[in-house]
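Try each task before you read its solution.

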Amino acid sequence: MDIKANLEHIKNSFVNPACQLIAVSKTKPIGDLKAAYQAGIRDFGENKVQEIQAKQPELPADTRWHMIGHLQSNKIKYIAPFVHLIHGVDSFKLLKEIDKQGKKIDRVIPVLLQIHIAEEESKFGFDEVELEEMLASEEFKTLSHVKIRGLMGMATFTENQEQIRKEFRELKHLFEKLKNRPLPGFVQMEELSMGMSGDYQIAQEEGSTMVRIGSAIFGARNYSQG
Ligand SMILES: *Cc1c(COP(=O)(O)O)cnc(C)c1O
């Protein structure tokens, strides 16, 4: 895998050059991350707390670590001190736990709310009813150590480009709706994290500000080897 060449190719194929690239390095050896760092990447996405913890000390301090996977409450504390952005906040319960851990270490933790846009039930995320319930609750307004910086979503895994486009468009629509609504100061709709190796161009056409790209940079993942 020529990581540098892959990165160049991807950057050159961006529909929106201002869109931020997050290199999704889950399951990949540290040497691959170092190669991407050498090629100019500073933002890395991982989906397991243990892996992010193991890799974090191995890269320079200006590396930004994005937690993109499903996060368990009892593991927040391990990444709370350094994580740059938690993309997958999919319940009010989890958001409250992150707030609690932030309080403990006196750090405001930046997060994105994951919204369920795919057809697959297996994917995580708020549906609109759950989201509205949370936003309307008194408890929500009392949060003090989280900063909600935007939304994240994953489209259905399908060849149907129009289906994918429709789902991204729905997410963008929700993003704009929230942006134009009076919400507590710790909610700032700035980032829309959508798009992966197979659909980042569609996502950019639909307004993505951050794409999370793994296999197109580092090659296919082999889960049987961990
Ligand atoms: C693995 C993963 C990605 C990257 O997927 P690729 O198809 O390899 O680009 C992006 N987002 C999330 C949430 C992931 O888990």
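Predicted model: local features only at pLDDT ≥ 70, side-chain atom pairs only at ≥ 80, totals over all residues.

**Exercise 1.** Work out where His 70 is found and whether His 70 counts as buried, partly exposed or exposed.

*Solution.* Start with the chain: His 70 sits in the loop that runs between strand S3 (64–67) and helix H4 (76–79). Next, take the relative accessibility, which is 39% for His 70. Buried means under 20% and exposed over 50%, so His 70 counts as partly exposed.

**Exercise 2.** Find the residues in contact with His 70, leaving aside neighbours within four places in sequence.

*Solution.* The contacts are Asn 47, Asp 90 and Phe 124. Now look at Asp 90: its side chain makes a polar contact with the side chain of His 70, at 3.0 Å. Then turn to Asn 47, which is 23 residues from His 70 in sequence, with 6.9 Å between the C-alpha atoms.

**Exercise 3.** Describe the second largest pocket by volume, lining and residue class.

*Solution.* The volume comes to about 160 Å³. Among the lining residues are His 70 and Asn 47, along with Lys 48, Met 67 and Lys 75. By class, the lining has three nonpolar, four polar and two charged residues.

**Exercise 4.** Do likewise for the largest pocket, and name the residues closest to its centre.

*Solution.* Here the space is about 680 Å³. The lining has 27 residues, and Lys 123, Met 154, Ala 155, Phe 157 and Met 196 are the closest to the centre. Sorted by class, the lining of the largest pocket gives nine nonpolar, eleven polar and seven charged residues.

Conventions
Residues numbered from 1 in each chain as written. Heavy atoms only, no water. Helix = DSSP H or I, 4+ residues; strand = E, 2+ residues; numbered from the N terminus. Buried < 20%, exposed > 50% of the residue type's maximum accessible area, 1.4 Å probe, protein only. Contact = heavy atoms within 4.5 Å. Polar contact = N/O pair within 3.5 Å; in protein donor to acceptor, adjacent residues only side chain to side chain. 1 Å grid on protein atoms, 1.4 Å probe; cavity = no way out; pocket = protein on both sides within 12 Å on 5 of 7 lines; lining within 4 Å. Points joined across faces, edges and corners; volume = space filled by probe spheres on them. Nonpolar A, V, L, I, M, F, W, Y, C, P; charged D, E, K, R; others polar.
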